[in-house]
Amino acid sequence: MPSFTFKPIGHIHSCFKEKFGIPRQPGLVREATAILEMAPEFSTMEAFRGLTEFSHIWLLFVFHGTSGQGWKPTVRPPRLGGNVRVGVFASRSPFRPNAIGQSVLELIEVQSVKGRIQLLLGGIDLLDGTPVLDIKPYLPYVDAISEAENGYAPSRPETRWPVYFTSESEQSCRQAELDLYPGLKALITNLLSLDPRPRYRDDKTPQNYGMRLWDLNIKFRLRDGKIEVTSIRTIPNENCRISNKE
Ligand code: SAM
């Protein structure tokens, strides 16, 4: 059976420098935005003519962060608590025979920045650096099937925990918003409310977690049925966000 070679048409610049904390599906955290920077040979505005008439696009991409880790016929979806196995083809797991992902994302803006086409996307579930294979317009009349059966994923994951900031983290968040990351507090709040902790953890033993966003380390823990953001620190010598402005 012949195999095929595909090359990325562009790459994602996102706040998610590691997998921990990335929403498990697109559209769950609208404030999670990213820039898709097209490769030079595809940076021609002609190729995007008419795309901005669509509010959402399909992105086909490579799960590059785990592509070398192989696959198994069954996986344990977090939605089922992380201990029930289903077939890999009955899941959206990154660990698949061909590490191809697909996400429907909000298309916020298409622009040319220093000769490269950049798409500003909202509601992402993509690791920084994700190679993109294709872009297609989302067509609700074919893609949104209201009577479709949902299997074991009947609805959006319920928002789990209220999120609050200690005064120290509140202050550092405000400063980070002024410096480089407007909207940071809403992003952190909505990401953590989805409870990114591993599904098998227990809710009794208070444990500290760290989530990376751009060059920030966000420390948090579960306490009295709430997620408490305890600190927001800049990680020295880490690259921060790229701007989608000239
Ligand atoms: N919506 C896509 C799909 O259905 O194919 C992705 C679903 S998958 C469950 C989403 C998770 O993939 C994210 O929470 C993150 O942990 C992981 N992920 C995102 N980008 C990745 C990348 N480039 N390499 C490896 N894993 C990635």
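**View 1. Residues around the ligand.** The ligand is surrounded by 21 residues, of which Pro 23, His 64, Gly 65, Asp 125 and Thr 130 are the closest; a residue is near a molecule if one of its heavy atoms lies within 4 Å of it. The model is predicted: local features need pLDDT of at least 70 and side-chain atom pairs count only at pLDDT 80 or more, while totals for chains, interfaces and linings use all residues. Residues are numbered from 1 along each chain as its sequence is written, and side-chain values use heavy atoms, with hydrogens and water left out. By class, the shell holds 9 nonpolar, 8 polar and 4 charged residues (Ala, Val, Leu, Ile, Met, Phe, Trp, Tyr, Cys and Pro count as nonpolar, Asp, Glu, Lys and Arg as charged, and the others, Gly among them, as polar).

View 2. A polar backbone atom of Pro 23 is 2.9 Å from a ligand oxygen atom. A ligand nitrogen atom lies 2.9 Å from an N or O atom in the side chain of Ser 103. For Leu 127, a backbone N or O atom is 3.1 Å from a nitrogen atom of the ligand. The ligand taken alone exposes 600 Å², and the protein buries 92% of that (Shrake-Rupley method, 1.4 Å probe).

View 3. Strands are DSSP runs of E, at least two residues, and helices are runs of H or I, at least four residues, numbered from the N terminus. Two strands pair if DSSP finds at least two bridges between them. β6 gives the most to the shell around the ligand, with 3 residues. β3 and β6 run antiparallel and are joined by 7 bridges; Trp 58 stands opposite Val 104 in β6. On β7 (residues 116-122), which is antiparallel to β6 and joined to β6 by 7 bridges, Leu 119 is the bridge partner of Val 110. The hairpin of β6 and β7 has 2 residues between the strands, and Lys 114 takes a positive phi near 50 degrees there.

View 4. Antiparallel strands β11 (residues 216-223) and β12 (residues 226-234) are joined by 8 bridges, and Ile 218 stands opposite Ile 232 in β12.

Conventions:
Polar contact = N/O pair within 3.5 Å; in protein donor to acceptor, adjacent residues only side chain to side chain.
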